[in-house]
Amino acid sequence: MGPDIVSQTAEPADLQLGWSRGLSLTARILAVNLFVLALLGAGLFFLDSYRVRLIAERETAARTQAEFLVESLALVSPEKKGAYISAFGARNSSRIRLYDQDGAKLFDSFELGQPAYEFRDPTKEPWRKVAARGIDKVVDFLVGAPELQPFVEPKNDTGGEWSELARAKPGKASSVARFAPDLTHMISAGAVAPSGSYSVLTTANERDIRLFVRAERFKIGMFFLLALGIGVLLSIFLARTIVRPLRHLARAAVKVRLGRAQEVTVPRLPSRRDEIGMLARALSDMSIALRQRIDATEAFAADVAHEIKNPLASLRSALDGAERIEDPGLRKQLMDVAKADVQRMDRLISDISDASRVDSQLAKAKFEPIDLGDMIEQLLQAREDRASDGDVHIAFARPRRTIATVMGEDVRLERMLTNLIDNAVSFSPPGSVVEISATLADDEVVIRISDEGPGVPVQDREAIFRRFHSERPVSENFGKHSGLGLAIARTIIEGHHGRISVRDRVDGKGGACFEIALPCAASSSQ
């Protein structure tokens, strides 16, 4: 495969999507919307970081509480220490234990009064709680939450069994976060008196941390599911409004490609004012133009075949007769007929080739300012030098220079003028005058070519511009014209965004007047 073919088939760089090339448009829309919703799911990670900060704050509060309790107990008399510890624990919803310097337990707020908390047996709770703990474990695993050790009461409750007290320094508390049996948080802190004569351990079941996290997670989850549902519905709606019409248009385009364009009605979607509607109307117009071009090509091919068959039949008849006739005179006449038919076919093929190339050549042509006054004047001078007009005189009302300037291609405009002048001269009787004028009117250059011939009947004024339509003067030899001259002239004029019409002469004389209107150069450049 050569580089030219690759460059024609390669996808433009700004349209290459790489990873999404194999996905349907519906899947792409859904993927983009779900990706945005996935960002909302990242709120779970933020929630976990908030839980970590909350636990850290509770540990700080527990250490502060333990340090305060150690200092305040030094001011309480021995007989009131038990009551003080019990009241302190009840007020702060925590369990307070006091150990002597050897680690023996002296006081326990749970033993002195009503326990501030109690553990729940996970095996006896309803299934909703079990499911909630299961979700907690899954989410903790997904977010990478630190794994906490379970909180277990030592069998021999002494100060040495608690790591918090082992790490605590005199006057400086130490704390640990653990999990209760129901996966709620246990925050404990231990502090040693500056004198080292006693130590304090506080434990609290901070159930609100887990409950708060669950509640916020539930809110985020519900909002995520709601947003997910809305996002999916909107994605489907958006995909249907985009993908369905595109599929209809694609199926219609396939039918056109397969040659069934006459059976296809490309939806124009007039109610849509967006890009899809623009695309639908552009495809509809394109299919109509393509159908018209195909019909015109088929009709042109049929007309060409019909026009060529006539001289071929005449040529075959002349050659067959020449083989059987011995008379030199008759044979010469038949050979003259054959030569005329060959010349007619050569002229016909040349005109057909020219007519078939006019559209494509005009589409590629680069238009330049052309003064039609100068062009007509030079064209008439060349005809006069060749004496190609016979006894017919041509009068040209020369406009001022640059008045009749249009944007166009000089070769095609000259061909158009030549065809129209030839047509006018061929229908004009000897001694008559063909009048040509070029004027500027309403930002258009109007050219009129008037002859003194028989004129054009009203019912034939459109038909004369059809290909191979030929109604020639009686005095003209048959086959001298192909019937393409006016058709080519009209194609050239329309390719220059102009129009041509035929009507009676404005001065009331007999004959026909061909009127050509082309945009002037000034209006074309605006």
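I take "buried" to mean under 20% relative accessible area. I keep in mind that this is a predicted model.

**Entry 1: β3**

I began with β3, residues 174-179. It is mostly covered: 6 of its 6 residues are buried. I then asked which residues lie on each side of β3. Ser-174, Val-176 and Arg-178 sit on one side, and Ser-175, Ala-177 and Phe-179 on the other. Both faces are covered. In a regular strand the side chains alternate between the two faces of the sheet.

**Entry 2**

I looked up the pairing next. Arg-178 stands opposite Met-186 of β4. Ala-177 has Ile-187 as its bridge partner in β4. The two strands form a hairpin with 5 residues between them. In the turn I found Leu-183 with a positive phi of about 65°.

**Entry 3: the sheet that holds β3**

I traced 5 strands in an open sheet, in the order β2-β1-β5-β4-β3. The pairing is antiparallel. β2 (105-108) and β3 stand at the edges with a single partner strand each, so one side of each has no neighbour in the sheet. From one strand to the next, the twist averages 20°.

Which helices pack on this sheet? Helix α4, residues 78-91, touches β1 (95-100) and β2. Its direction makes about 150° with that of β1. Helix α8, residues 207-257, touches β3, β4 and β5 (198-206). The direction of α8 makes about 25° with that of β5.

**Entry 4: a mixed sheet**

I moved on to another open sheet of 5 strands. Its order is β7-β9-β10-β12-β11, and the pairing is mixed. The edge strands are β7 (393-397) and β11 (499-504), each pairing on one side only. Neighbouring strands here are turned by 15° against each other on average, direction ignored.

Inside this sheet I checked β9 (433-441) against β10 (444-450). They run antiparallel, and 7 bridges join them. Helix α11 lies across β7, β9, β10 and β12 (512-519). It runs at about 160° to β7.

**Entry 5: α11 against α12**

I followed α11 (372-386) to its contact with helix α12 (410-427). Their axes come within 11 Å and cross at roughly 55°. The two helices are therefore oblique to each other. The crossing is right-handed.

From α11, the contact uses Leu-372, Met-375, Ile-376, Leu-379, Leu-380 and Arg-383. From α12, I listed Asp-410, Leu-413, Glu-414, Leu-417, Thr-418, Ile-421, Asp-422 and Val-425. I sorted these residues into 9 nonpolar, 1 polar and 4 charged. An α-helix has 3.6 residues a turn, so residues three or four places apart point the same way.

**Entry 6: α13**

Which residues of α13 (485-495) are buried? I found Leu-486, Ala-487, Ile-488, Ala-489, Thr-491, Ile-492 and Ile-493. His-497 follows the helix and has a positive phi, near 65°.

**Entry 7: the chain overall**

I finished with totals. The protein chain has 14 helices and 12 strands. Buried residues make up 38% of its 526 residues. I also looked at contacts between residues at least 6 apart in sequence. Of these, 66% join residues at least 24 apart.

Conventions. Residues are numbered from 1 along each chain as its sequence is written. This is a predicted model: local features need pLDDT of at least 70, side-chain atom pairs count only at pLDDT 80 or more; totals for chains, interfaces and linings use all residues. Side-chain values use heavy atoms; hydrogens and water are left out. Buried means under 20% relative accessible area, exposed over 50%, partly exposed in between (1.4 Å probe, protein chains only). Helices (H or I, at least four residues) and strands (E, at least two) are DSSP runs, numbered from the N terminus. Axes are lines fitted to C-alpha atoms, for helices over the stretch in contact, and angles run from 0 to 180 degrees between N-to-C directions. Angles under 35 degrees count as roughly parallel, over 145 as roughly antiparallel, 65 to 115 as roughly perpendicular and the rest as oblique. A crossing is left-handed if the near helix is turned anticlockwise from the far one by less than a right angle, and right-handed if clockwise. Contact means heavy atoms within 4.5 Å. Ala, Val, Leu, Ile, Met, Phe, Trp, Tyr, Cys and Pro count as nonpolar, Asp, Glu, Lys and Arg as charged, and the others, Gly among them, as polar. Two strands pair if DSSP finds at least two bridges between them.
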